[in-house]
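Hi everyone, thanks for coming. I'd like to walk you through one model today, a few places at a time.

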Amino acid sequence: MPTKEKLVIFDTTLRDGEQSPGASMTKDEKVRIAIALEKMRVDVIEAGFAISSQGDFEAIKAIANTVKESRICSLSRAVRGDIERAAEALKGANAGRIHTFIATSPIHMKHKLQMAPDDVLAQAVGAVKIARSLIDDVEFSLEDASRTEFDFMCRITEAVIHAGARTINLPDTVGYSDPSEYGLMIKRLMQAVPNADQAIFSVHCHNDLGLAVANSLAAVQNGARQVECTVNGLGERAGNASLEEIVMAIRTRKDVFPVETTINAVHIVPTSRLVSSITGFPVQPNKAIVGANAFAHESGIHQDGILKFRETYEIMRAEDVGWSTNKLSLGKLSGRAALASRLDELGIKFDSKEAFNDVFVRFKALADKKREIYDEDLQALVSDVHMGAEEDALTLVDLEVLSKSGQLPEAKLTIRYQNKEHSADGTGDGAVDAIFKAIEKLVNSETQLQLYSVNAVTQGTDSQGEVTVRLEKNGRIINGMGADTDILVASAKAYLNALTLMRNPGRLHPQLGGV
Ligand code: KIV
Ligand code: ZN
């Protein structure tokens with residue numbers, strides 16, 4: 001049988017995914033996700049946008065020093081400063097890539113960049129040359145490619161390949177295209193550009209019309225050999241093409257797609273959970289592949305069919321994508337060595353003995369309340385410890401809630417900030433409202449609560465509750481997370497976490513005008 005061509009899976013959860021309002025991640029969280037992506041055998045991990053903030057720079061650097069199997073990439077605008085910063089962050093990588101881009105559509109060039117097409121072309125070529133002088137692997141993106149004039153797309157593509165770009169990415173930046181149009185665009189471009197054989201053509205689709213996966217797959221049928229995607233479809237606005245859907249479509253419909261990926265699919269569900277728990281973006285139950293209902297059959301007719309012959313209603317096996325690999329990790333009697341080894345397998349590292357001790361103490365406390373501790377519990381526990389670890393974190397010391405039907409709930413709490421304890425009480429419409437009001441008495445944050453949600457970390461009534469709180473202030477949106485077997489405690493932790501993150505300075509956005 002002829003072997004199929006390889007489709008490069010380029011994951012941008014840590015870069016475009018992080019551009020989802022409120023999805024910002026710490027360096028340690030990014031490293032944990034990068035390790036999970038490496039385990040899944042993602043080919044390229046876009047670890048961030050080095051120039052955007054010191055935090056992003058440090059995260060790319062840490063990932064480049066830790067992840068050795070996947071190629072590590074940093075985004076940069078088509079300017080020297082960005083490119084040099086990206087190269088600097090990637091120094092420790094086994095295999096690194098600089099991804100540089102500039103907008104090429106008439107609407108972006110005229111209104112955003114205020115540049116003539118010839119100047120954009122010259123800047124693109126210059127940027128690729130600078131990048132190639134620093135690293136061998138350079139990707140160039142024509143931002144808003146799907147709204148770019150075809151002749152200009154051909155000119156710029158040929159020129160940047162000539163300058164040394166080895167991957168050409170054609171984003172549907174605003175999620176405007178449809179599958180037949182987008183597929184044809186890729187095919188015509190690859191036919192029209194004389195040096196097209198010297199580059200891999202890549203796609204990067206946004207989901208504004210719900211077509212990101214369909215557009216990406218149409219491009220693959222028409223010659224694209226790299227797809228940029230994110231876990232759970234996270235990303236700017238309506239998100240990016242979802243990694244799990246792309247990978248499983250290619251794998252399930254081998255008869256339709258002329259390519260294969262090297263992704264180890266059993267890591268899909270655990271990675272999806274990790275991303276959801278770190279970013280505070282819950283996965284909708286009916287989400288393909290990773291939603292809680294993706295493999296659940298409710299109707300009697302379906303259940304009957306499945307029992308008689310599984311393939312009647314199932315086109316994929318739940319266990320192939322990592323459902324039911326929900327590993328019973330540890331229990332009450334597990335000691336330090338067992339905890340350390342399991343955390344190591346999960347890619348969780350500690351800077352100091354004290355940090356591990358803190359996790360161990362909390363693990364024992366959790367094991368007292370919950371008989372079986374799963375990997376998901378450990379992930380939530382570690383996130384919780386990391387959240388309180390920053391110097392300026394607002395942390396919960398004590399919480400007491402009085403809630404009786406017919407009476408206004410009351411909350412009394414103590415928090416720690418810069419080694420000092422502060423106490424307050426509050427009443428509210430409900431117990432959670434009372435807690436948030438008590439916290440606000442202490443911090444007076446002037447933020448607006450935009451979202452409050454609770455998810456069970458694992459199954460069972462003794463499961464930890466994971467609370468997400470989304471706060472907004474002057475247009476800036478931050479998600480906070482908190483986990484505990486008591487959801488009121490989890491709620492207080494999540495609110496304090498969001499307030500702590502709100503104090504960090506924002507990041508530069510890559511689609512900012514004026515390169
Ligand atoms: O959507 C987009 O065009 C991007 C580019 C920066 C690749 O994210
Ligand atoms: Zn994008």
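**The zinc site and beyond**

Let's begin with sequence spacing: the donor residues of the zinc ion, ligand 2, follow the pattern D-x187-H-x1-H. Please keep in mind that this is a predicted model.

Which residues are those protein donors? They are Asp16, through OD, and His204 and His206, each through NE2, and they lie 2.0 to 2.1 Å from the zinc ion. If you turn to the two histidines, you'll find that His204 is buried, and His206 is buried too.

Next, a pair of helices. As a reminder, two packed helices are described by the angle between their axes and the distance between the axes. Here the pair is α7, residues 179–192, and α8, residues 212–221. Their axes come within 8 Å and cross at roughly 35°. Is that crossing left-handed or right-handed? For α7 and α8 it is right-handed.

Which residues meet there? From α7 we have Pro179, Tyr182, Gly183 and Ile186, and from α8 we have Ala214, Asn215, Ala218 and Ala219. Sorted by class, this contact of α7 with α8 has 6 nonpolar residues, 2 polar ones and no charged ones.

My last stop is Val125, which you'll find in helix α5, residues 117–134. Is Val125 buried or exposed? Its relative accessible area is 15%, so Val125 is buried, given that the limit is under 20%. What does Val125 touch, once we leave aside its neighbours within four places in sequence? The answer is Ala159, Val160 and Ala163. Thr148 gives a further distance to look at: Val125 and Thr148 are 23 residues apart along the chain, and their C-alpha atoms are separated by 17 Å.

That's my tour, and I'm happy to go back to any of these places with you.

Terms used. Residues are numbered from 1 along each chain as its sequence is written. Chains are lettered from A and ligands numbered from 1 in the order in which they are written. This is a predicted model: local features need pLDDT of at least 70, side-chain atom pairs count only at pLDDT 80 or more; totals for chains, interfaces and linings use all residues. Side-chain values use heavy atoms; hydrogens and water are left out. Donors are N, O and S atoms within 2.8 Å of the metal (3.2 Å for Na, K and Ca); water is not among the atoms, so sites may look incomplete. Buried means under 20% relative accessible area, exposed over 50%, partly exposed in between (1.4 Å probe, protein chains only). Axes are lines fitted to C-alpha atoms, for helices over the stretch in contact, and angles run from 0 to 180 degrees between N-to-C directions. Helices (H or I, at least four residues) and strands (E, at least two) are DSSP runs, numbered from the N terminus. A crossing is left-handed if the near helix is turned anticlockwise from the far one by less than a right angle, and right-handed if clockwise. Contact means heavy atoms within 4.5 Å. Ala, Val, Leu, Ile, Met, Phe, Trp, Tyr, Cys and Pro count as nonpolar, Asp, Glu, Lys and Arg as charged, and the others, Gly among them, as polar.
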